[in-house]
Amino acid sequence: MILYDVTAAPNPRRVRIFAAEKNITLEYRQVDMTRGEHKSPDFLARHPSGKVPALQTDDGQYIGESVAICRYLEALHPEPNLFGRTPMEQATVEMYNRIMEFELWSPIGTSWVNGPVVAKMAPGRFKQIPEAKAASDAATHRFYDRLDKQLTERSFIAGERFTVADITALTAVDFATSMVDLRPGEGLENLWRWHADVSARPSAAA
Ligand SMILES: N[C@@H](CCC(=O)N[C@@H](CS)C(=O)NCC(=O)O)C(=O)O
């Protein structure tokens, strides 16, 4: 299987970590986003949104969207399980994974698009709205506080074991910290304890 990847991009990292947890070997093919390769007709045939990651399966079909790719990998390699086993656990993992996407990744993405790195990297590509960045920065920090409280009650994002929801949250916090100037406050001890635990897993280096 071939993963269309950008090493520095956080969404492909979600799939790389997921595959590493399952010990699945993928062939990585770098997409040159600086040259707009992800919007070329060839690439749009692989992923209609022109985004990474995209997976080429062994029989030559394509899947876009990191969660869809992870679900495919889980179906092929059910163990170790990362999407939940019982109906209740599956629903809980899904719930927290969606919360991490909509309530953590979403404001981080808005702050990124309206922030200084994008202004420098892709001048004029987006109409930047400083008020949107300020509101999203605040929403991200409010969410960090909420996550910190949640992590007093459980070891991982969706319960007592590592799941895909931890991968979604880890990639969000790392991207926010390194690229968006949205590092969680030092006083958020539970969040940092969780972050240290998940970062210590060999898959986090993927
Ligand atoms: N929801 C998508 C998001 C994919 C995404 O936004 N990827 C970024 C890189 S991290 C990208 O390709 N951006 C280029 C663009 O949107 O044009 C997923 O989970 O795969």
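Let's start with the sheet: four strands, open, in the order β2-β1-β3-β4, with mixed pairing. Pairing here means that DSSP finds at least two bridges between two strands. Helices (H or I, at least four residues) and strands (E, at least two) are DSSP runs, numbered from the N terminus. At the edges sit β2 and β4 (62-64), each pairing on one side only. On average, neighbouring strands are turned by 25° against each other, direction ignored.

Before I go on, the ground rules. This is a predicted model, where local features need pLDDT of at least 70 and side-chain atom pairs count only at pLDDT 80 or more, while totals for chains, interfaces and linings use all residues. Residues are numbered from 1 along each chain as its sequence is written, and side-chain values use heavy atoms, with hydrogens and water left out.

β1 (residues 2-5) and β2 (residues 27-30) run in the parallel sense, paired over 4 bridges. Who faces whom? In this pair, I2 stands opposite E27 of β2. L3 stands opposite Y28, also in β2.

What links the two strands? Helix α1 (residues 10-21): β1, α1 and β2 form a right-handed β-α-β unit. Right-handed means that, with the strands pointing away from the viewer, the path from the first strand over the helix to the second runs clockwise. In the loop between α1 and β2 we find N23. Its phi is near 60°, a positive value in a residue other than glycine.

Next, helices against strands. Helix α3 (residues 66-76) lies across β1, β3 (54-56) and β4, and runs at about 130° to β4. Contact means heavy atoms within 4.5 Å. Axes are lines fitted to C-alpha atoms, for helices over the stretch in contact, and angles run from 0 to 180 degrees between N-to-C directions.

On to helix pairs. I'll take α4 (residues 87-113) and α7 (residues 164-179) to begin with. Their axes come within 8 Å and cross at roughly 15°. That angle makes α4 roughly parallel to α7. The cut-offs: under 35 degrees is roughly parallel, over 145 roughly antiparallel, 65 to 115 roughly perpendicular, and the rest oblique. The crossing of α4 and α7 is left-handed.

By class, the contact of α4 with α7 has 15 nonpolar, 3 polar and 1 charged residues. Nonpolar covers Ala, Val, Leu, Ile, Met, Phe, Trp, Tyr, Cys and Pro; charged covers Asp, Glu, Lys and Arg; the others, Gly among them, are polar.

Then α1 and α7. The axes come within 9 Å and cross at roughly 140°. That makes α1 oblique to α7. α1 passes α7 in a right-handed crossing. On the α1 side, P10, R13, R14, I17 and F18 take part, and they meet α7 residues including I167, L170, D174 and F175. This contact of α1 with α7 divides into 7 nonpolar, 2 polar and 3 charged residues.

Last pair: α4 and α6 (residues 130-153). Here the axes come within 7 Å, crossing at roughly 145°. α4 passes α6 in a left-handed crossing. Among the α4 residues are I99, E103, P107 and S111, and among their α6 partners K133, D137, F143 and R146. The contact of α4 with α6 counts 11 nonpolar, 5 polar and 4 charged residues.

To finish, two prolines. Where is P53? In the loop between α2 (41-44) and β3. The peptide bond from V52 to P53 is cis, with omega near 10°. P80 is in the loop between α3 and α4. A cis peptide bond joins E79 and P80 too, with omega about -5°.

Notes. Left-handed = near helix turned anticlockwise from the far one by under 90°.
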